[in-house]
Amino acid sequence: MVKVIFTENLKRHIDCPPCEVEAASVAEALAKVFAAHPRLGSYILDDQGGLRKHVMVTVDNNLILDRESLSDPLDQNSEVYVLQALSGG
Amino acid sequence: MLTDEQLLKYSRQIMLPQIDIAGQEALLNSHLLIIGLGGLGAPVAMYLAAAGVGELTLIDDDKVDLSNLQRQIIHQFESIGKDKVESAKITALSLNPETRINIINYRPGEEEMSTLIEQANVVIDCCDNFSTRFMLNRICHNYRVPLVSGAAIRWEGQLSTYTYEQGTPCYRCLYEEDAFNDQTCTQNGVVAPLVGVIGSMQAMEAIKLISGTGHTVTGRLMLFDGMDMSWREIRFKPRPACPVCS
Ligand SMILES: [Zn+2]
């Protein structure tokens, strides 16, 4: 199972518990999570299904390359981590 | 040549073989720019002054407010109402009177900032907004001046260093430009020692860069979660279509 985890920071805006899904790509994993949490989906993705500008996604702690269609592949036990850029100082 | 007083003052650092006399001399001969003298800039300026960085240029257009003192430990109660750079200078000089400190109490535009950065050895980004962060990255990339970037809010912090060497990513490779999404500590809150954790690490990165030792967090984004007391390290590469560095 692929694990999908959201940064602590996002939890303040929206409910986003860690999830486990079967998926072969980042797009597929997020689609499955967002099917159960639609509000979370619209916070993370834009109308075209790409990542919103302040959001980043990693697979096994490597930043994904495809922000538009989220085609980065997953292994069976991959961890997808969703985080947000911070600007506070 | 270090004086006898300097040899004693910096002895605990000089005795580290990775720093030694040569590293200490490099620090004393260096000029660092600190952008923002709030939560992150406070420990950065204090540690770098104390550690013997020769010249610091402090930039911030804000004044000290009562609500800053909970975490911006370079400012004192008596400094409320003063320019943050002025207040920071007083504290830094009390730690190390031989530091040369320049202060700028307004926001320089891109042209003036370019002139300032061109003359610096390392830039330390402790500011509170994305538009300044992207501007610093553009200029630092242009002049190949290393940039140590920290950010902190609530219980979470982020840290990375950009050296702009061949094959290493820049800030814009990591973050999409989006100036409309600033979350400030003023509006969201921040736990006091969080800025100390991230700011101290920024100072550490700067000291390594100047003394030419160790490995910086280039190509890595360090994420700190104070609630779990955990670090996560994310690796990232230059983006082929990066508008700044590609
Ligand atoms: Zn870049």
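Me: How many residues does the contact take from chain B and from chain A?
Reply: In this predicted model, the contact takes 36 residues from chain B and 14 residues from chain A.

Me: Which elements of chain B each supply at least two residues of the side that touches chain A?
Reply: Those are α7 (130-143), β5 (147-153), β6 (156-162), β7 (220-225) and β8 (230-235) of chain B.

Me: And what's the make-up of that side by class?
Reply: The side of chain B that touches chain A has 16 nonpolar, eleven charged and nine polar residues.

Me: Let's stay on α7(B). Which of its residues are buried?
Reply: The buried ones are F130(B), T132(B), R133(B), F134(B), M135(B), L136(B), N137(B), I139(B) and C140(B).

Me: What do the buried residues of α7(B) pack against?
Reply: They pack against β1 (31-35), α6 (110-118), β4 (122-125), β5, β6 and α8 (171-174) of chain B. Two of those, β5 and β6 of chain B, are also among the elements that supply residues to the side touching chain A.

Me: How far does α7(B) reach, first C-alpha to last?
Reply: With 14 residues, α7(B) reaches 20 Å, close to the 20 Å expected at 1.5 Å a residue. Just after the helix, R144(B) takes a positive phi of about 55°.

Me: New topic: helix packing. At what angle do α3 and α10 of chain B pack?
Reply: Helix α3 (residues 20-28) of chain B and helix α10 (residues 192-211) of chain B pack at about 110°, and their axes are 8 Å apart. That angle makes α3(B) roughly perpendicular to α10(B).

Me: Which residues meet there?
Reply: From α3(B) you have G23(B), A26(B) and L27(B), and they meet I207(B), I210(B) and S211(B) in α10(B). By class, that contact has four nonpolar and two polar residues, with no charged ones.

Me: Zoom in on A26(B) for me. Buried or exposed?
Reply: A26(B) counts as buried, because it has 21 C-beta neighbours inside 10 Å and the cut-off for buried is 20 or more. Leaving aside neighbours within four places in sequence, A26(B) is in contact with I210(B), S211(B) and G212(B).

Me: How far apart are A26(B) and S211(B) in sequence and in space?
Reply: They are 185 residues apart in sequence and 5.9 Å apart in space, C-alpha to C-alpha.

Me: Back to α10(B) as a whole. How many of its residues are buried?
Reply: 15 of its 20 residues are buried, so call α10(B) mostly covered. It reaches 30 Å from its first C-alpha to its last, close to the 28 Å expected at 1.5 Å a residue. Just after α10(B), G212(B) takes a positive phi of about 65°.

Me: Where does V53(B) sit?
Reply: V53(B) is in the loop between α4 (41-50) and β2 (55-59) of chain B. V53(B) is buried, with 28 other C-beta atoms within 10 Å.

Me: What does V53(B) touch, beyond residues up to four places away in sequence?
Reply: V53(B) touches L27(B), S30(B), L32(B), L48(B) and T99(B). L27(B) is one of the α3(B) residues in the contact with α10(B).

Me: OK, over to chain A. What's its mean pLDDT?
Reply: The mean for chain A is 91, and 100% of its residues reach 70 or more.

Me: What phi does N61(A) have?
Reply: N61(A) has a positive phi of about 65° although it is not a glycine. N61(A) is in the loop between β3 (55-59) and β4 of chain A.

Me: And what about the phi of L70(A)?
Reply: L70(A) has a positive phi of about 55°, and it is not a glycine either. L70(A) is in the loop between β4 and β5 (79-84) of chain A. As background, most residues other than glycine have a negative phi.

Me: Which is buried and which is partly exposed?
Reply: L70(A) is buried, with 21 other C-beta atoms within 10 Å, whereas N61(A) is partly exposed, with 15.

Technical notes:
Residues numbered from 1 in each chain as written. Chains lettered and ligands numbered in written order. Predicted model: local features only at pLDDT ≥ 70, side-chain atom pairs only at ≥ 80, totals over all residues. pLDDT = per-residue confidence, 0-100. Contact = placed C-beta atoms within 7 Å. Helix = DSSP H or I, 4+ residues; strand = E, 2+ residues; numbered from the N terminus. Nonpolar A, V, L, I, M, F, W, Y, C, P; charged D, E, K, R; others polar. Axes fitted to C-alpha atoms, helices over the stretch in contact; angles between N-to-C directions. Parallel < 35°, antiparallel > 145°, perpendicular 65-115°, else oblique. Expected span 1.5 Å × (residues − 1). Buried ≥ 20, exposed ≤ 12 C-beta atoms within 10 Å, placed from the backbone.
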